[in-house]
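Biologist: Before we discuss this model, could you set each description against the criterion behind it?

Modeller: Gladly; let us take the terms one by one.

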Amino acid sequence: MPDALTYILVIAFTTFLVRALPFLFIRRPITNPRLKQFLDFVPFATLAAMAFPDMVFSTGNLLSGLLGFLSAVLVALKGGGLITVAGAASLAVLIAELIL
Amino acid sequence: MKTEFQQGMKDGLPVALGYLAVSFTLGIAARRAGLTGLQAAFASLITNTSAGQFAGFTAMAAGVSLLETAVAQVVVNLRYVLMSVGLTQKVRRDASLLQRLLIAFDVTDELFALGISREGALDPRYYYGMMAVTIPNWALGTFLGTVFGALLPDILLKAVGVALYAMFIAVVVPPAKKSRPVLLVCLSAMGLSLLLHYLPFTKDLSSGLRVAIAALLVAGAAAFVFPLQKEDDHA
């Protein structure tokens with residue numbers, strides 16, 4: 001069996017490769033309108049898909065997870081910034097977990 | 001007036017605090033894989049990915065071959081391809097290849113969220129600022145988790161874990177309020193992500209891969225369904 005350091009280097013290098021390939025191949029602004037529109041949507045689709053449903057399941061308790069998620073959405077809709085939204089979700093989960 | 005680097009450090013600070021706590025659990029997985037605190041911290045210093053490192057440490061603990069470990073890394077980390085593609089378009093046009101590769105080194109869910117939501121083009125120095133405060137904390141938390149095990153109470157880890165997810169919501173909600181297509185993209189991505197969580201076969205995939213599939217399908221469909229937007233409609 002390879003030693004720990006070899007594993008660590010393989011993990012790090014593979015991860016870097018996945019992250020770096022797009023930067024190596026795409027050096028210019030993409031001009032094709034459909035492709036550009038696709039790329040404009042990608043961040044929103046990625047972030048939304050990451051937040052839900054994983055955030056709801058992340059606490060191991062559906063109710064506290066759901067409360068955290070809903071608090072974040074509500075505070076963000078009310079115009080809350082990054083830290084306010086994150087704080088509201090944390091607080092909701094803390095309270096829910098303490099009561100439940 | 002703050003420099004780009006300083007602003008990046010400032011904006012990265014809440015993420016850094018979140019990382020410090022979340023990487024504790026990563027340290028616990030590292031300990032199970034038989035790593036020392038320094039080895040685990042080194043892994044975190046040069047990798048910066050929670051799901052990928054979890055998968056890697058688990059593979060290491062099970063004695064899986066290096067090739068299989070590498071393949072698993074690619075699969076779990078596939079969503080970073082999408083994020084990196086997004087960042088290639090966001091970064092300043094005059095950024096050098098070295099600068100781009102330095103950014104690539106630390107494409108994480110959270111730094112991507114902050115970088116992509118930055119007004120105008122992304123200055124590499126802003127990204128370095130975020131890296132400067134987040135990477136040491138990621139490594140330090142991993143170290144502490146490996147050496148001391150579950151140092152933080154479970155309830156605190158849950159609250160912090162949720163805070164990192166909440167940042168994604170904070171980033172997507174304002175543009176979704178302004179643009180109907182963006183709103184529909186977000187709702188569809190969440191719906192599909194939920195569906196993939198339960199569907200046979202896809203439910204067994206890693207969560208990172210499910211995110212990549214959902215984002216690819218939704219953004220792809222949206223690019224053709226919606227009429228072409230004007231330049232700054234939803235950028």
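Biologist: This is a predicted model, so let us begin with the domains: what makes residues of domain 1 of chain B count as being in contact with residues of domain 2 of chain B?

Modeller: Two residues are in contact if their C-beta atoms lie within 7 Å, and by that criterion eight residues of domain 1 of chain B are in contact with eight residues of domain 2 of chain B. On the domain 1 side, the elements that give two or more residues are α3 (50-62), α4 (66-76) and α5 (79-90) of chain B, and the residues of that side divide into six nonpolar, one polar and one charged. The domain assignment of chain B places domain 1 at 4-167 and domain 2 at 179-235, and the centres of these two domains, taken over C-alpha atoms, are separated by 23 Å.

Biologist: Why is chain B called as compact as a globular protein of that length?

Modeller: The globule rule gives 18 Å for 235 residues, and the radius of gyration of chain B is 18 Å, close to that value, so chain B is as compact as a globular protein of that length. Its C-alpha atoms fill a box of roughly 55 × 55 × 35 Å along the principal axes, and its secondary structure comes to 11 helices and zero strands.

Biologist: What share of the residues in chain B is made up of buried residues, and by what cut-off?

Modeller: A residue is buried if 20 or more other C-beta atoms lie within 10 Å of its own, and buried residues make up 54% of the 235 residues in chain B.

Biologist: Which residues touch the most other members of the largest nonpolar core?

Modeller: That core has 110 residues, and those touching the most other members are A45(A), A48(A), V85(A), A166(B), I169(B), A189(B) and A215(B). Its largest share, 15 residues, comes from helix α9 (residues 154-178) of chain B, while domain 1 (4-167) and domain 2 (179-235) of chain B each give at least three residues. Leaving aside residues up to four places away in sequence, I169(B) touches A51(A), A72(A), V73(A), A76(A) and V85(A).

Biologist: How do you know which helix of chain A has the lowest confidence and which the highest?

Modeller: By the mean pLDDT: confidence in chain A is lowest in helix α2 (residues 33-51), at a mean of 89, and highest in helix α4 (residues 62-77), at 96. Chain A as a whole averages a pLDDT of 91, and 99% of the residues score at least 70.

Notes: Residues are numbered from 1 along each chain as its sequence is written. Chains are lettered from A and ligands numbered from 1 in the order in which they are written. This is a predicted model: local features need pLDDT of at least 70, side-chain atom pairs count only at pLDDT 80 or more; totals for chains, interfaces and linings use all residues. A nonpolar core is a set of buried Ala, Val, Leu, Ile, Met, Phe, Trp, Tyr and Cys residues joined through C-beta atoms within 7 Å. A residue is buried if 20 or more other C-beta atoms lie within 10 Å of its own, exposed if 12 or fewer, and partly exposed in between; C-beta atoms are placed from the backbone. Helices (H or I, at least four residues) and strands (E, at least two) are DSSP runs, numbered from the N terminus. Domain bounds come from an automatic or database domain assignment. The radius of gyration is taken over C-alpha atoms; the globule rule is 2.2 Å times the number of residues to the power 0.38. Ala, Val, Leu, Ile, Met, Phe, Trp, Tyr, Cys and Pro count as nonpolar, Asp, Glu, Lys and Arg as charged, and the others, Gly among them, as polar. pLDDT is the predictor's confidence in each residue, from 0 to 100.
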